[in-house]
Amino acid sequence: LQFTAQMIRLVTFDAAGTLIEQRLDPGALAARIVREHGGDVSEECGSRTYYDIQERFREERELAEHLQDRQRIRAVWMAMVEAWTQEVGARGMPAAELLDEFLRRSFSGEGHAFALYEDVLPTLDELDSMGVATGVISNWDHTLHLTLKRLGVSERFAFAIASLEFGAEKPDPRIFRHALERAGVEPNEALHVGDSVEDDYRGALDSGLRAVLLDRTAGEPPEDGIRSLLDLPRLIKAWG
């Protein structure tokens with residue numbers, strides 16, 4: 001990676017796949033809950049149906065999230081759960097009860113849906129010791145904040161921007177520019193790290209930030225990228 005020497009004052013991270021490992025997707029978790037209440041829904045069927053429904057309700061979710069209207073958000077989620085239970089053939093568990101149990105498990109840790117990657121905390125500690133501010137830019141809904149809090153890292157970041165709340169998602173330059181404004185830094189003083197070539201790497205570069213691609217599965221470090229967040233502080237020190 002080659003950049004003109006310049007002090008990095010801000011590092012922003014993608015969430016899922018970068019900071020957070022998604023161990024169980026929402027549809028699979030819902031299927032597990034239904035089975036525990038006597039239903040017969042496979043995790044595969046639950047997952048596939050969930051993502052189909054999520055796409056159908058995309059516009060309604062985006063509007064409710066952008067308005068930050070929690071009552072409206074819940075109404076949209078209720079409609080999604082009702083559609084999901086009907087399509088997977090789940091019976092005997094009211095939609096409202098399923099939604100409440102799903103939310104409780106997702107953000108209490110019992111659902112084991114999310115976990116921090118092992119390299120996250122050591123990397124944040126090192127960046128903190130270097131005086132580098134950190135933030136999160138994620139294509140997520142308002143539950144991003146609950147997830148970071150449940151994982152014990154919400155206070156480690158200067159800010160966390162969820163795309164559905166903000167009203168634009170990566171790779172839209174507006175969400176990256178908003179992060180720069182929140183931190184009070186210039187584009188060449190900021191670095192974004194994520195696992196998506198289009199959303200994170202190209203999106204950040206096109207917005208004037210520096211960018212590093214994270215590929216945890218690569219046999220060799222990817223071009224313009226790293227295999228572990230533990231490699232990040234070394235790169236930043238080399239550029240400074």
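The axes of helix α6 (residues 120–129) and helix α11 (residues 232–239) cross at roughly 25° and come within 9 Å. Angles under 35 degrees count as roughly parallel, and α6 and α11 are therefore roughly parallel to each other. On the α6 side the contact is made by T123, E126 and L127, and on the α11 side by L232, P233, I236 and K237. Of the residues in this contact of α6 with α11, four are nonpolar, one is polar and two are charged. The model described here is a predicted one.

Attention now turns to the strands. Strand β6 (residues 190–194) is mostly covered, with five of its five residues buried. In a regular strand the side chains alternate between the two faces of the sheet. In β6 both faces are covered: A190, H192 and G194 lie buried on one side, and L191 and V193 lie buried on the other.

Strand β6 pairs with strand β1 (residues 10–13) in the parallel sense over four bridges, and L191 of β6 is the bridge partner of V11. Four bridges also join β6 to strand β7 (residues 210–214), and these two strands run parallel. Here the bridge partner of L191 is R210 in β7. From β6 the chain crosses through helix α10 (residues 197–206) to β7, in a right-handed β-α-β crossover.

A further right-handed β-α-β unit is made by β4, helix α7 (residues 143–150) and β5. Strand β4 (residues 133–138) pairs with β5 in the parallel sense over four bridges, and I137 has I161 of β5 as its bridge partner. Strand β5 (residues 159–162) is covered on both faces, with F159 and I161 buried on one side and A160 and A162 buried on the other.

How values were computed. Residues numbered from 1 in each chain as written. Predicted model: local features only at pLDDT ≥ 70, side-chain atom pairs only at ≥ 80, totals over all residues. Heavy atoms only, no water. Buried < 20%, exposed > 50% of the residue type's maximum accessible area, 1.4 Å probe, protein only. Pairing = 2+ DSSP bridges. Right-handed = clockwise from strand over helix to strand, strands pointing away. Axes fitted to C-alpha atoms, helices over the stretch in contact; angles between N-to-C directions. Parallel < 35°, antiparallel > 145°, perpendicular 65-115°, else oblique. Contact = heavy atoms within 4.5 Å. Nonpolar A, V, L, I, M, F, W, Y, C, P; charged D, E, K, R; others polar.
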